[in-house]
Amino acid sequence: MRKGNKRIAYPDRKKIEEMERAGKKVTEIAEAIGVHKATIYNELRRGGTPYSADVAQKTV
């Protein structure tokens, strides 16, 4: 897991989008990105339904 208050970068958002569409669990996505699962839940909420990396990036 990453340390500190780093923001999720666009490439990470694209990876989240791909994994979410593939049906991966939040815990699996969090491990792959290196953040806490709560961060992924927040990111999924930020990106809309269905999750879009582009939508999430515009909100930052």
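Predicted model: local features only at pLDDT ≥ 70, side-chain atom pairs only at ≥ 80, totals over all residues.
Reader: At what angle do the H2 and H3 axes cross?
Author: The axes of H2 (residues 26–33) and H3 (residues 37–46) cross at roughly 105° and come within 8 Å. Angles of 65 to 115 degrees count as roughly perpendicular, so that is how H2 and H3 are placed relative to each other.

Reader: Nice. What does Ile-40 touch, leaving out residues up to four places away in sequence?
Author: Ile-40 touches Ile-16, Val-26, Ile-29, Ala-30, Ile-33 and Val-35.

Reader: How many residues are in the largest nonpolar core?
Author: That core has 13 residues, and Ile-40 is among those with the most contacts inside it, along with Ile-16, Ile-29, Ile-33, Leu-44 and Tyr-51. Helices H1 (10–21), H2, H3 and H4 (53–58) each give two or more residues to the core.

Reader: Which helix gives the largest share?
Author: H2 does, with four residues.

Reader: Switching to H1: which of its residues are buried?
Author: Asp-12, Arg-13, Ile-16, Glu-17 and Met-19 are the buried ones, and they pack against H2, H3 and H4.

Reader: How far does H1 reach?
Author: H1 has 12 residues and spans 17 Å from first C-alpha to last, close to the expected 16 Å.

Reader: What happens just after H1?
Author: Gly-23 takes a positive phi of about 85° there.

Notes: Residues numbered from 1 in each chain as written. Heavy atoms only, no water. Axes fitted to C-alpha atoms, helices over the stretch in contact; angles between N-to-C directions. Parallel < 35°, antiparallel > 145°, perpendicular 65-115°, else oblique. Core = buried A, V, L, I, M, F, W, Y, C linked by side-chain atoms within 4.5 Å. Buried < 20%, exposed > 50% of the residue type's maximum accessible area, 1.4 Å probe, protein only. Contact = heavy atoms within 4.5 Å. Expected span 1.5 Å × (residues − 1).
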